[in-house]
Amino acid sequence: MAEGAAEAPAESGGGGDSGAGAPERGVAPIKPQYLTTKEQFHEFLEAKGQEKPSQEIEAGDRSGNDLAEPEAKRIRLEDGQPGEAAEPGERRQVQKRARGQNKGRPHMKPTHYDKNRLCPSLVQESAAKCFFGDRCRFLHDVGLYLETKPSDLGPRCVLFETFGRCPYGVTCRFAGAHLGPEGQNLVQEERVQAPLVRNGLDKALQQQLRKRKVRFERAEQALRQLSKGHVPGPSPEATVPEVSGAKGAPLQDSGDAQQALPEPGAGALASSSVRTCGPLTDEDVVRLRPCEKRRCGNLPFRRICKRFGADVTCGEMAVCTNLLQGQTSEWALLRRHPCEDVFGVQLEGAFPDTMTKCAELLNRTIEVDFVDINVGCPIDLVYKKGGGCALMNRAAKFQQIVRGMNQVLDVPLTVKIRTGVQERMNLAHRLLPELRDWGAALVTLHGRSREQRYTKLADWEYIAQCVTAASPMPLFGNGDILSYEDANRAMQTGVAGVMVARGALLKPWLFTEIKEQRHWDISSSERLAILQDFTHYGLEHWGSDTQGVEKTRRFLLEWLSFLCRYVPVGLLERLPQRINERPPYYVGRDYLETLMASQRAADWIRISEMLLGPVPPDFVFLPKHKANAYK
């Protein structure tokens, strides 16, 4: 998540050439007594915090590149500058080793989970008959399974304490908490309750979807009207929910596909199809593999955000064609926890027929308060197929999708867009009046283009112009919200609410700060307690067997790769921290605070071991950027 350099704030003293003690551009202003060097930082962590490194750092080191940026990024910034000590060939070799994608990172589903795996019929105590019959490839010998099973990770089982029964039985990595003397799975009858999470996929419905036996009468009627040029009427009950305060829809990507168009006031967008500018490549960013599309946004994290005051949550982007095929993994993205009182799902698709049918399917099978169309996803995997922000350049298809979905839904239909595709070629102000007429109840605008990604700050001035263009339809703004001051400035633009994404990843207590209008100098122990709650929620959601524990761990590690960029309030010279400011190397007020500031994957794994026990011998975690893995 590399950030581009932004304009130096006036209160920080301007650019980096005004003196040795002046804060460097793009670097969080940390009090001098906490600053250290990269070498001393890692020495301190390796010493387990027994002794603090020397704080006598020369002023030149304090403002140098080694403090300002990780090594891999510093190498990139130095490209084209004359080398000092290293030979050119040597430097290129280091650069090649530190930059780009982790092409060797594991991208296949781990197979070791299936080795010596106990048959589900035994786990669910249905030993009278195996689910798979003679074709079963799992173990049926509990004694043999226990000989190879790793030791328990702890004395308490979250599922057993929460629901009165652990469905994973002997395979649970905390099985000692609920196994009887003869290995039977104990049950606390007084605490047994039905699963709390809603919006699951019914097996009968899944079979019908796979055999294509589900009929979509409302969708087909709406599509026929659209094909004849008739405009369907809006759904009578589709009114936008009234919610005050900051709107939390964490961890959603948004992107744009846009062409060169005049600025606001230059006329309305024609309803006919618009000539596209062609696909944009992702050569400057890490290209996501299909199995890596969703690593951060998830139900356990949304529970954390709700606990800190998020008003609205939205599920992860689900592909409509996968939902129509009954894919279990895709339907899992629609799950809703009872704490999510205002909850919506987000769909991605490129064609009116699949999107309208999917909307009708969800309308009658799950419980949601709104359905959102993702017209902001920037990744090539989606964009080249005509979905995501590519729809902003496909006005005819976009209109049919919005009108068709609005016709079959009984809940509000919302849309997420970006400013456009190409930088300095804004399109959103032209689309907003059209979206209002097509039936969208609310639009969320991310103040960046697809091409821009995160190289510059979000354009809130443009968002303010779009508020007028969208009126009276509510418009939410999104981009660079990391403090209550940021949220207040955003609300002054006239938006109806703000959506928080990366800011919630860096500090999920941001919602509390916005509600209470204060900076929270949260301690390292409080932050560790948040991570502990996340692991408990993860075990509830993904399971407490080996596979569930390691899935929880991987989501936790991906989150820690964001959390390490947070700088505690008490260490800052100037408040608040800005989202485009990277922290230099610093020593916190205690060992745990310093450990949480580390940007090395090995230290993130160390934190995960505090919460989930030791990692397996064959465990590998490589972030998507080599800079995170090797610095």
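1. Helix α10 (residues 217–227) packs against helix α14 (residues 352–365) at an angle of about 145 degrees, the axes lying 8 Å apart. The model is predicted: local features need pLDDT of at least 70, side-chain atom pairs count only at pLDDT 80 or more, and totals for chains, interfaces and linings use all residues. Residues are numbered from 1 along each chain as its sequence is written, and side-chain values use heavy atoms, with hydrogens and water left out.

2. The crossing of α10 past α14 is right-handed. In this contact (heavy atoms within 4.5 Å), α10 contributes E217, R218, A219 and L223, while α14 contributes P352, D353, T356, K357, E360 and N363. These residues comprise five charged, three nonpolar and two polar.

3. Helix α11 (residues 299–307) and helix α22 (residues 524–542) cross at roughly 135 degrees, and their axes come within 8 Å. The contact divides into eight nonpolar, four charged and two polar residues.

4. S483 lies in the loop between β7 (475–478) and α19 (484–491). S483 counts as buried because its relative accessibility is 0% (buried means under 20% relative accessible area, with a 1.4 Å probe and protein chains only). Its side chain makes a polar contact (N or O atoms within 3.5 Å, one able to donate a hydrogen and the other to accept it) with the side chain of E485, at 3.3 Å. Leaving out residues up to four places away in sequence, S483 touches K507, L510, E513, H519 and P576.

Conventions:
Axes are lines fitted to C-alpha atoms, for helices over the stretch in contact, and angles run from 0 to 180 degrees between N-to-C directions. Helices (H or I, at least four residues) and strands (E, at least two) are DSSP runs, numbered from the N terminus. A crossing is left-handed if the near helix is turned anticlockwise from the far one by less than a right angle, and right-handed if clockwise. Ala, Val, Leu, Ile, Met, Phe, Trp, Tyr, Cys and Pro count as nonpolar, Asp, Glu, Lys and Arg as charged, and the others, Gly among them, as polar. Buried means under 20% relative accessible area, exposed over 50%, partly exposed in between (1.4 Å probe, protein chains only).
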